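Hello,

Here is the structure I promised to pass on to you.

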Amino acid sequence: MESPVRAEPATPTLVPPAPRNHTSSLSPRAEAKEKRSEVSEGTADECEAVDTEEDPICLSLLSKMTVFVEAPAEDASEKAAAEEAAAKERAEREAQRQLLATEELIYTERNYLRLLQVCTCTIRSNLQKLQPQLPNLDSMFLYIEEVIDVSGRLLSLLDQKQVTPHDPLFLETLCDAFLSLSTDIESAYKEYLSNYNTVTALENSYKQKESLWTEMVKVIKSSAPEVNATSLSFFLVMPVQRIARYPLLLQTIMKHTDPGHPAYSLLEQTAHAAVAVNCRINEYKRFREVADKYKKTETLTIRDKINRLNSHSIAKKTARLSQFIKHETGIAPKLVDEEFDALEGFFYLLENGIAVLHENVETYLSHLQRFLSCRPEEFDLDMDGEKTAICYKEITAALRQWILPTFEKRMRTLVHKPLCALRELLVGPRNLIRKRLDKLLDYELIEEKPSLSYDEQAVANTYKTINTLLLNELPQFNGLALTLLWGMLGAFSCLHKDLAADMEQLFQGFAQQLPHSSLEPNAFWEWAECSVLEGARMLETLCRNVEDQLNAPIVQPLSPGSQKCLKVLTDKHGSAKIYQLTGHVVGTRDLDLSLNRGELVAIISEMDTRGDRRRWLVDAGGPRGYVPSSKLVRYHQITMDPPPSPHLTVTTMDCAGGVRRHSYTPDVRRHSFSPDIPQPVRTLSMTMPCFQVFAGYDFTARSSHEVSLRVGEPIRVLEPHDKRGSRDWSLVEVREQRGYVPSNYLAVVPTSTSPTTPYH
């Protein structure tokens, strides 16, 4: 019997993977994946064919295949864990950097504020104690108080929330505080930075004085020993540096902040706002530098102006003049800006009003000063028995000693000084407006060019800067100037109201002693008006009489130059047209002449081109123009030669038997000499003068050959000509001095005469 044959299980045959083709385009990772899939499929087939009994070979194969399947899952989990740990570490590191940047911003802000307070309080007060005092020290600390204030407010807003940089809400609090103060930060820092050039200029001026600068350094070191500062600029440059650090610090905080942070968008907005603030401050500073450059008024002499001339400036001014002529003649169109034209017109209107008001206020104060300088109450007028006069005297004394001086002082303080300061402020905008016109002419020449050179681009930028600056600043200036003007006019009215109240209070004490105090108010004011008008008429009449007496025409000899001018005018216009000025004339309008008292003119027309008979067209012997007719009187010419002056005739016999004449007068007669008639050796004949000679004008001797004269003093004429025979000069004797004087400075007056016998 055959034993049953046991069927051996079929040995599972693993299908080997296809041989690796070295030319395959699969990547190593794809080949591994394909291999794992093939192994898995083979395993599944074997599991179906294998009996439920355990087979060592199957178990071995299964264990090997399990390792191949579970290994990738463990690698992915480990990698994920590693990545998670790295991300967590990176987040912690970024959070730490964000915290450090935030703490740096707060710490440096507090230290910055402390140093500024030390500079403005301690160092400034110690520098003010130096002797002699430092000039313009306060100008170095201009606008720094506003910077300190805005920095302190920023820190106080953070302290009020009672949050620390570790708090998650701190970033939001910081951003809200900065954004709420961004406008104040900009306004404070832009003024300080614009004035920083003045700070450096003042410090350089102090450094030029070695002893003074040494004392300043000692004070600075002793006031702040912990910082080892050697100059004020160590502290005063801090705001310039601080405003530029805000964007850097905020951007650093934003860089280390997770975009998913709740305050990230607000932090990004704050960083952009800090950058925008710096840009606007830089633009404002650039505008101010341009304005400071062109608003200055330079006082240059003709020599300085000539030294500044060069080919470039001549070409530039020629181009401007050519463009201006084209505008005026209509050849080229003019660039019109209606907004600026309106601002410019209002500015000039305002300037003219301020100038007129300033002139009127100065005239008012001058008249008030003259009134106060006249003190008739201090003189004894012998009116002790008249109560009314004594009452008026007491009232006038009170007015001049108390009320009016106080009123004048307040007027100068509240009206005149502010008005002078406002008028000085008009110079800068006026210069900028004029400079804008020059730059506009330059800009129009290059506006249509397709491409600009570097210099042309600079010209265009300068014009645009000045134009933008004026459009932004001129409306504010006009508004502030108008407000100040209205304020000064209001102060002027209030001062007069107070003056009236003081005078009313003064007069109440004398009401019963004054005449007409019992009249009704209407009757009193009518009487007062009539009295004032009558006094004004009397004063006007007195002034007119005095003026007529002072300007009464007096026939006086003319100077040689005036005689030539008179001859020219008479030959050209006739003697009937010759007039003489009774007073000085100063031209104030176009075509007006400025002439001195006594000058001669010829009348061309007794009215101007508008028919105004108060202005006459005259010929002054060269220039022609208008003069007031009230200053002209007809000139009365001298038609006869003046009579001879007193003289002394001395005749002597010379050795040759002739007669030598020592003195010459207009009526000297030559005596004939005859040898048959006996002649005395010396004959002195004296005749009493029938005319007296006086000095008609003051004359100051300019050399030892001349003699000085005083108007009205008697003169003795020795010779009516000089050594060359010219009658423009006369030899005279006055105050026991002899010398030459101009002949036309002498006046001849007739006197009574009586003959005398000759003295031998």
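**Salt bridges**

D438 and R320 form a salt bridge, with their closest N and O atoms 3.9 Å apart; the term stands for a side-chain nitrogen of Lys or Arg within 4 Å of a carboxyl oxygen of Asp or Glu. D438 sits in helix α16 and R320 in helix α13, so this pair ties together parts that are 118 residues apart in sequence. (Helices are DSSP runs of H or I with at least four residues, strands are runs of E with at least two, and both are numbered from the N terminus.) R320 is buried at 9% relative accessibility, while D438 is partly exposed at 24%. Here buried means under 20% relative accessible area, exposed over 50%, and partly exposed in between, with a 1.4 Å probe and protein chains only.

Before going on, a note on the source: this is a predicted model, in which local features need pLDDT of at least 70 and side-chain atom pairs count only at pLDDT 80 or more, while totals for chains, interfaces and linings use all residues. Residues are numbered from 1 along each chain as its sequence is written, and side-chain values use heavy atoms, with hydrogens and water left out.

The whole structure has 32 salt bridges.

- R242 pairs with E109, the closest N and O atoms being 2.7 Å apart. This pair links distant parts of the chain, 133 residues apart, with R242 in helix α10 (residues 238-255) and E109 in helix α2. Both ends are buried: R242 has a relative accessible area of 4%, and E109 is at 0%.
- R93 pairs with E89 at 3.9 Å between the closest N and O atoms. Both belong to helix α2 (residues 56-127), 4 residues apart, or about one turn of the helix. R93 is partly exposed at 37% relative accessibility, as is E89 at 48%.

**The largest pocket**

The largest pocket holds about 1,300 Å³ of space. A pocket here is an open set of points, on a 1 Å grid over the protein atoms alone, where a 1.4 Å probe fits, with protein on both sides within 12 Å along at least five of seven lines; lining residues have an atom within 4 Å of a point. Grid points are joined across faces, edges and corners, and the volume is the space filled by probe spheres set on them.

Which residues lie nearest its centre? They are K316, K317, R320, K435 and K439, out of 30 lining residues. The lining divides into 16 charged, 10 nonpolar and 4 polar residues, where Asp, Glu, Lys and Arg count as charged, Ala, Val, Leu, Ile, Met, Phe, Trp, Tyr, Cys and Pro as nonpolar, and the others, Gly among them, as polar. Helix α16 gives the largest share of the lining, 8 residues.

**Backbone details**

Most residues other than glycine have a negative phi, and most peptide bonds are trans. R735 is partly exposed at 35% relative accessibility, whereas E736 is exposed at 79%. The peptide bond from Q131 to P132 is cis, with omega near -5 degrees, and P132 lies in the loop between α2 and α3.

Best wishes
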